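Here are my notes for your first reading of this model. Keep the viewer open and check each point as you go.

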Amino acid sequence: MIRENLEHLRTKIAAKASRCGRGKQNVRLVAVSKRFPATAIKEAQESGQHIFGENYIQEAQEKYDLLNGEADFHFIGHLQSNKAATAARICSMIETVDRIKLARSLNKHLISMGRQLDILIQVNVGRDDNKSGTLPEKSEELLREIGKLPMLRPRGLMTMPPFTEDPEDARIYFRRLKELGDTLCHHKLFFDNSAVELSMGMSHDYEVAIEEGATLVRIGTAIFGERPVR
Ligand SMILES: *Cc1c(COP(=O)(O)O)cnc(C)c1O
């Protein structure tokens, strides 16, 4: 089932990207494996999937160990500073950096590990009180502070808009993230300003997100099925 779902999804992503005049290599898939076992990740890997999204550090670490460290994890959940060391060790990207305290903590641990780490800034474009993320108008200052931290490579922005049934309702938020990314890029605040990442879009609205410029789509249910309750 996972293989068929992935193949179907890849076809749809490629078709949507090409209809928007973008190459399919410009839209990467993050398979959100949260709450699914390491065996599901293994099966997806055998079907050619590389990047996996996890939102609990302890759960990610257990799976990382079961997979003997052979997993490319993007962290997509709320990250507490006291979990920064583990996150920095087992993830290839933290998509949810939204405050300087967390950035400094990651940087400190990375110095002792002697390696750099890709990050995204999570932006609360919907100004939703229940959601993490920096407010759009605070993102520039956050990026300027992060620019002083040598081990962090800010690659772009990530967002999770307020949930609505109709994927079209998310379009305005995706567009705002893209516009914010363009502005920050213009100010040369990213590690590579010629390739700014935008992580947006989930199972029900990824096609709209690709139309609005997503370079990373985070998809769980459409690959692994309904998530088991924790
Ligand atoms: C769970 C989750 C997803 C995936 O959601 P689906 O609707 O299952 O595709 C994407 N992004 C984040 C941040 C998530 O927590």
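Where is Asn 68 found? Asn 68 sits in the loop between α3 (57-66) and β3 (72-75). Helices (H or I, at least four residues) and strands (E, at least two) are DSSP runs, numbered from the N terminus.

1. Ground rules. This is a predicted model, where local features need pLDDT of at least 70, side-chain atom pairs count only at pLDDT 80 or more, and totals for chains, interfaces and linings use all residues. Residues are numbered from 1 along each chain as its sequence is written, and side-chain values use heavy atoms, with hydrogens and water left out.

2. Asn 68 is not a glycine, yet its phi is positive, about 55°. Asn 68 is also exposed, with a relative accessible area of 65%. Buried means under 20% relative accessible area, exposed over 50%, partly exposed in between (1.4 Å probe, protein chains only). Now look at Arg 127, in the loop between β5 (117-122) and α6 (139-146). Arg 127 is not a glycine either, and has a positive phi of about 50°. Its relative accessibility is 46%, so Arg 127 counts as partly exposed.

3. Asp 98. This residue lies in the loop between β4 (91-97) and α5 (100-113). Why does Asp 98 count as buried? Because its relative accessible area is 12%, and buried means under 20%. The Asp 98 side chain makes a polar contact with the side chain of Arg 99, at 2.8 Å. It also reaches the backbone nitrogen of Gly 133 at 3.0 Å. A polar contact is a pair of N or O atoms within 3.5 Å; within protein, one must be able to donate a hydrogen and the other to accept it, and residues adjacent in sequence count only if both atoms are side-chain atoms. Leaving aside neighbours within four places in sequence, Asp 98 is in contact (heavy atoms within 4.5 Å) with residues including Gln 122, Ser 132 and Leu 142.

4. Ala 209. Find this residue in helix α8 (residues 206-211). Ala 209 is buried, with a relative accessible area of 0%. Residues up to four places away in sequence aside, Ala 209 touches Phe 174, Met 200, Gly 201 and Ala 214. Phe 174 is 35 residues away along the chain, but the two C-alpha atoms are separated by 6.1 Å.

5. Cysteines. How many disulfides are there? The count is zero, where a disulfide is a pair of cysteine sulfur atoms within 2.5 Å. The closest cysteine sulfur to that of Cys 185 is in Cys 20, and at 20 Å it is too far for a bond. Cys 91 is buried, with a relative accessible area of 4%.

6. Largest pocket. Its volume is about 390 Å³. Of its 23 lining residues, the closest to the centre are Lys 34, Asn 55, Ile 76, Met 160 and Met 202. On a 1 Å grid over the protein atoms alone, a pocket is an open set of points where a 1.4 Å probe fits, with protein on both sides within 12 Å along at least five of seven lines; lining residues have an atom within 4 Å of a point. A volume is the space filled by probe spheres set on the points, which are joined across faces, edges and corners.

7. Second largest pocket. This one has a volume of about 290 Å³. Among its lining residues are Arg 10, Lys 24 and His 50. The largest share of the lining, three residues, comes from α1.
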